[in-house]
Amino acid sequence: MVSVTRAVFGDLPLGAGTVEKFQLQSDQLRVDIISWGCTITALEVKDRQGRASDVVLGFDELEGYLQKQPYFGAVVGRVANRIAKGTFTLDGKEYKLAINNGPNSLHGGVKGFDKVLWTPRVLSNGVEFSRVSPDGEEGYPGELKVWVTYTLDGGELVVNYRAQASQTTPVNLTNHSYFNLAGQGSPNIYDHEVTIEADAFLPVDEVLIPTGEIASVQGTAFDLRKPVELGKHLQEFHVNGFDHNFCLKGSKEKRFCAQVHHAGSGRVLEVYTTQPGVQFYTGNFLDGTLKGKSGAGYPKHSGFCLETQSWPDAVNQPHFPPVLLKPGEEYDHTTWFKFSVA
């Protein structure tokens, strides 16, 4: 059984609307999601003693989400991740996007899907959010109708993304939750054991755009096919952290993508997806300046993201899995976040 309750979370400035919070609860999980950016604001998971802790970074109040912050818990789009120089060419026409990350466009631009109010619809076991992204929004062609659905099934949070376009446009949607299985506010994620089921990854240049090479993980810091303890692994390979796309076996079927185990609490997160990639990000740009829930500081490496998605900059790299959605087609992807205790 899943219960779904709705409440007011806060009001947007200048009468721009009311943000609602939807609480989904099963016997194993409790998830809070707000209609601003379809954002997961809390996710409570029990440890091996049966004690529940909130394992996602974020804020207690709406104001936190309205300030400049690194996409905590939000759905990002129209195109997640980076597009080189914020430009791409489609049917001979060049499109220019907002530049908001060095020389590149990141996560949909200045006002992406994370910074808009979505329309909610309560379901028996979750909530569906929808919106229409108008033609030309943030420089993207065509009107895009989007639906994001969160449902709960025991210890599993299921996120489904659907979209339909009036003209050909790139689409790549993901959720940008930062997890810390020791509980949000814990100082780092070094004691987490990480596994990612990928034989290849995408090397990036100095502004984090894929070089175009699809490289084998064999013998590199990116070989996470067997569990590694993150802190020791980063030290051993002298890496500052991860912010890279791991290439998953291509198919539209549900498949295992990653697992993270926190031995201290016993919490385990398994991720399954229909997407061709996952961006593993270890919170390298967090610097402790943002004050999160219960006044927690979020320093570097205090949370990790597993952003299931298409490959970064795919609209400019023809040999990457395609990201163009054509009229009459439907974008339809699902990711499963499964929590358990070991």
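Good morning. I begin with asparagine 100, which lies in the loop between β9 (93-96) and β10; strands here are DSSP runs of E of at least two residues, helices are runs of H or I of at least four, and both are numbered from the N terminus. The model is predicted, so local features need pLDDT of at least 70 and side-chain atom pairs count only at pLDDT 80 or more, while totals for chains, interfaces and linings use all residues. Residues are numbered from 1 along each chain as its sequence is written, and side-chain values use heavy atoms, with hydrogens and water left out.

Asparagine 100 counts as partly exposed because its relative accessibility is 27%; buried means under 20% relative accessible area, exposed over 50%, and partly exposed in between, with a 1.4 Å probe and protein chains only. Beyond four places in sequence, asparagine 100 touches Tyr71, Ser105, Leu106, Gly109 and Val110, where contact means heavy atoms within 4.5 Å. Asparagine 100 and valine 110 are 10 residues apart along the chain, and their C-alpha atoms are separated by 6.2 Å.

In the loop between β10 (105-106) and β11 (119-122) we find histidine 107. Histidine 107 counts as buried because its relative accessibility is 4%. Its phi is near 50 degrees, a positive value in a residue other than glycine. Leucine 208, in the loop between β18 (200-201) and β19 (215-216), likewise has a positive phi, near 65 degrees. A further backbone feature is the cis peptide bond between glycine 77 and arginine 78, with omega of about 10 degrees; arginine 78 is in the loop between β6 (75-76) and β7 (82-83). These points deserve a look because most residues other than glycine have a negative phi, and most peptide bonds are trans.

I turn now to the annotated positions. Which residues does UniProt place under "binding site"? The unreviewed entry lists Asn81, Arg82, His176, Ser177, Tyr178 and Asp243. UniProt positions are given in the numbering used here, feature names are shortened, and annotations may be inferred rather than shown by experiment. From this set, Asn81, Arg82, His176, Tyr178 and Asp243 belong to the lining of the largest pocket. A pocket, on a 1 Å grid over the protein atoms alone, is an open set of points with protein on both sides within 12 Å along at least five of seven lines, and lining residues have an atom within 4 Å of a point.

Serine 177 lies in the loop between β16 (174-175) and β17 (192-196), and tyrosine 178 is found in the loop between β16 and β17. Is serine 177 buried or exposed? Serine 177 is buried, because its relative accessible area is 3%. Its side chain makes a polar contact of 2.7 Å with the side chain of asparagine 175.

Glutamate 20 is buried, with a relative accessible area of 19%, whereas threonine 18 is partly exposed at 38%. The side chain of glutamate 20 is joined to that of arginine 6 by a polar contact of 2.7 Å. Threonine 18 makes a side-chain polar contact with aspartate 11, at 2.7 Å.

Finally, the chain as a whole. It has 2 helices and 27 strands. The radius of gyration, taken over C-alpha atoms, is compared with a globule rule of 2.2 Å times the number of residues to the power 0.38. The chain has a radius of gyration of 19 Å, close to the 20 Å that the rule gives for 342 residues, so it is as compact as a globular protein of that length. Buried residues make up 59% of the 342 residues. Thank you.

How values were computed. 1 Å grid on protein atoms, 1.4 Å probe; cavity = no way out; pocket = protein on both sides within 12 Å on 5 of 7 lines; lining within 4 Å. Polar contact = N/O pair within 3.5 Å; in protein donor to acceptor, adjacent residues only side chain to side chain.
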